Amino acid sequence: MATIEECRTALDTLSDTMAGADGDVRAATALDRSLSCRITDLDVTFSGRLKDGRIEVLDTRQGPPAEKAQIRLAMTGDDLVAMVDGRLNFAKAWASGRVKLEASFRDLLRLRTLL
């Protein structure tokens, strides 16, 4: 089972990858939205912002998010680490229910490039 530190590192790695992206992927991440990533097996939530193509984690807390973010992810720590490492395909994990993504329809349309 992935640790909180491994999950935080995975989010930092994902942020670096997104910041270095080009074209459609860069455009899809160029949002300014509140973001939460709930790690279900650790009962921890990382909250912050998706801004300028980067994920900025502002808070880590036990349990569910304190406020409803505009973009909400939920998954196990192992699935987060596996996705960032390229061992788990996000679209397949989302389609199978292993990863949950909630956002407005407009944001989902922008984020579809990432899927």
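Q: Before we look at anything, what does "partly exposed" mean here?
A: A residue counts as buried under 20% relative accessible area and as exposed over 50%, and partly exposed is what lies in between. Please keep in mind throughout that this is a predicted model.

Q: Where does aspartate 43 sit, and what is its phi?
A: Aspartate 43 is found in the loop between strand 1 and strand 2, and its phi is near 50 degrees, which is a positive value in a residue other than glycine.

Q: And what about aspartate 52, where is that one?
A: Aspartate 52 belongs to the loop between strand 2 and strand 3, and in the hairpin that these strands form, with 2 residues between them, aspartate 52 takes a positive phi near 55 degrees.

Q: Buried or exposed, that aspartate 52?
A: Aspartate 52 has a relative accessible area of 56%, and since exposed means over 50%, aspartate 52 is exposed.

Q: How do strand 2 and strand 3 pair?
A: Strand 2, covering residues 44–51, pairs with strand 3, covering residues 54–62, in the antiparallel sense over 8 bridges. Within that pairing, serine 47 stands opposite aspartate 59 of strand 3.

Q: Switching topic, how many helices and strands are there?
A: The chain has 5 helices and 5 strands, and along the sequence they follow the pattern α-α-β-β-β-β-α-α-β-α.

Q: Which residues of helix 3 are buried?
A: In helix 3, which runs over residues 77–85, the buried residues are Gly77, Asp79, Leu80, Val81, Ala82 and Met83.

Q: What do they pack against?
A: The buried residues of helix 3 pack against helix 1 (4–19), strand 1 (32–39), strand 4 (71–75) and helix 4 (90–96). Just after helix 3 comes glycine 86, with a positive phi of about 85 degrees.

Q: Zooming out, how does the radius of gyration look for 115 residues?
A: A compact globule with 115 residues would have a radius of gyration near 13 Å, and the chain has 13 Å, so the two agree. The C-alpha trace spans about 35 × 30 × 25 Å along its principal axes, and 39% of the 115 residues count as buried.

Q: Last one, how many positive and negative side chains are there?
A: There are 17 positive and 18 negative side chains in the chain, and the centres of these two sets lie 7 Å apart.

Technical notes. Residues numbered from 1 in each chain as written. Predicted model: local features only at pLDDT ≥ 70, side-chain atom pairs only at ≥ 80, totals over all residues. Heavy atoms only, no water. Pairing = 2+ DSSP bridges. Helix = DSSP H or I, 4+ residues; strand = E, 2+ residues; numbered from the N terminus. Buried < 20%, exposed > 50% of the residue type's maximum accessible area, 1.4 Å probe, protein only. Contact = heavy atoms within 4.5 Å. Rg over C-alpha atoms; globule rule 2.2 N^0.38 Å. Lys, Arg positive; Asp, Glu negative; His and termini not counted. Charge placed at Lys NZ, Arg CZ, Asp CG, Glu CD.
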